[in-house]
Amino acid sequence: MSEHSIVIIGLPESGKTTFLAALWHLIMERDVETILRFHTLRAGDATHLNEIAARWRDAKVQDRTAVGGTRLVSMNLVDESDRPVRVTFPDVPGEAYRRMWEDRDCESEIAEILQAGGVLLFIHSDTIRPPKWVVDEVALSKSLGLNVLEGEAVEWHPRLAPTQVQLVDLMQLLRTPPLDVGPRRLAIMLSAWDKASGEGLTPQEYLNTKLPLLAQYLRRGADGWVWRTYGLSAQGGDYDSVEVDAEPMAEAKELRSLDRPSTRIELIGGDVAKTHDLTEPLSWLMG
Ligand SMILES: Nc1nc2c(ncn2[C@@H]2O[C@H](COP(=O)(O)OP(=O)(O)O)[C@@H](O)[C@H]2O)c(=O)[nH]1
Ligand SMILES: [Mg+2]
């Protein structure tokens, strides 16, 4: 069986687990056409996938992936010409990537996983932290009547860095030993696209506009990434929170009422105008 490994990377809360949940539902349910299809199950392997897919079907937000709880999930699939492929991806806690940025450190187990052949980079399109100017922030605080301390330095912390700065660093680390394995394919997944599509931009235009540093880094080809940008709505809208006393969302209720849950999924970009097929980027990454 040809083994393909794809690594899912992204800062915390970028949509990684939701993607895996929707993908597993799609593969097992077969209620829409997909390029890659289910082949065989490996015993004991699917518990985590089944759990997250069940939560996804119920339109419930995924629990935060436990810190230290890296789960290597693999799916035995077949491609268009019935060739078996095993796709392995880790559900690595986003904290691991945060640690690489903030502490310049990474566990050896994760370093090994990061040497996968294809990279899926998740970016939550609605929570991008843009670069900010101190003068603007001060002016804003003052106009809101907040108490601004004059002449006092605010200590900087790497976590305050804009999203695009953190992501470019992460991409550069993947082309630096010990993580470097040569040029690779990269699919950029702008998640929660349902929140972003109202702006009328294509995923590529969105990347250029909201994350210009990352877009330039990729366009210049400095690290040799062969890349594509997708807009992904893996839920179709907002899901119910898992908090006990949380109000149910009207949107989640509507999504639950769809006959075929897979049709909640919308993916644009790549070779297709619009599809429910989450295996399209995987198939491209394996190409
Ligand atoms: N509106 C919307 N929210 C999403 C979508 N995908 C993920 N989210 C939300 O984004 C947040 C982070 O998702 P999660 O998959 O847990 O991210 P992870 O930490 O990278 O595994 C959660 O609140 C999700 O419900 C989507 O397609 N649409
Ligand atoms: Mg997660």
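Select strands β6 (residues 185–191) and β7 (residues 226–233), which run parallel and are joined by six bridges. Helices and strands here are DSSP runs numbered from the N terminus, helices being H or I of at least four residues and strands E of at least two; two strands pair if DSSP finds at least two bridges between them. The model is predicted: local features need pLDDT of at least 70 and side-chain atom pairs count only at pLDDT 80 or more, whereas totals for chains, interfaces and linings use all residues. Residues are numbered from 1 along each chain as its sequence is written, while chains are lettered from A and ligands numbered from 1 in the order in which they are written.

Within this pair, select Arg185, which stands opposite Val226 in β7.

Proceed to Ala192, in the loop between β6 and α7. Is Ala192 buried or exposed? Ala192 is buried because 24 other C-beta atoms lie within 10 Å; the term buried applies at 20 or more such atoms within 10 Å, exposed at 12 or fewer, and partly exposed in between, with C-beta atoms placed from the backbone. The phi of Ala192 is near 55°, a positive value in a residue other than glycine. Most residues other than glycine have a negative phi, and most peptide bonds are trans.

Now display ligand 1. Which residues come nearest to ligand 1? Of the 24 residues around ligand 1, these are Lys16, Thr17, Thr18, Ala192 and Gln235; a residue is near a molecule or strand if its C-beta atom, placed from the backbone, lies within 6 Å of it. Colour α1 (16–29), β5 (118–124) and α7 (193–196), each of which supplies at least two residues of the shell. The largest share, three residues, comes from α1. By class, the shell has six nonpolar, 13 polar and five charged residues. Ala, Val, Leu, Ile, Met, Phe, Trp, Tyr, Cys and Pro count as nonpolar, Asp, Glu, Lys and Arg as charged, and the others, Gly among them, as polar.

From α1, move to Arg30, in the loop between α1 and β2 (37–40). Arg30 has a phi near 50°, again a positive value in a residue other than glycine. Arg30 is exposed because it has 11 other C-beta atoms within 10 Å.

Select helices α3 (residues 94–103) and α6 next; they pack at an angle of about 90°, with their axes 10 Å apart. That angle makes α3 roughly perpendicular to α6. Angles of 65 to 115 degrees count as roughly perpendicular; axes are lines fitted to C-alpha atoms, for helices over the stretch in contact, and angles run from 0 to 180 degrees between N-to-C directions. Tyr97, Met100 and Trp101 in α3 meet Gln166, Asp169, Leu170 and Leu173 in α6. This contact has five nonpolar, one polar and one charged residues.

Centre the view on Leu173, found in helix α6 (residues 163–173). Leu173 counts as partly exposed because it has 19 C-beta neighbours inside 10 Å. Leaving aside neighbours within four places in sequence, Leu173 is in contact with Met100 and Leu179, contact meaning C-beta atoms, placed from the backbone, within 7 Å.

Finally, select Pro178, in the loop between α6 and β6. Pro177 and Pro178 are joined by a cis peptide bond, with omega about 5°.

Note on methods
Contact = placed C-beta atoms within 7 Å. Parallel < 35°, antiparallel > 145°, perpendicular 65-115°, else oblique.
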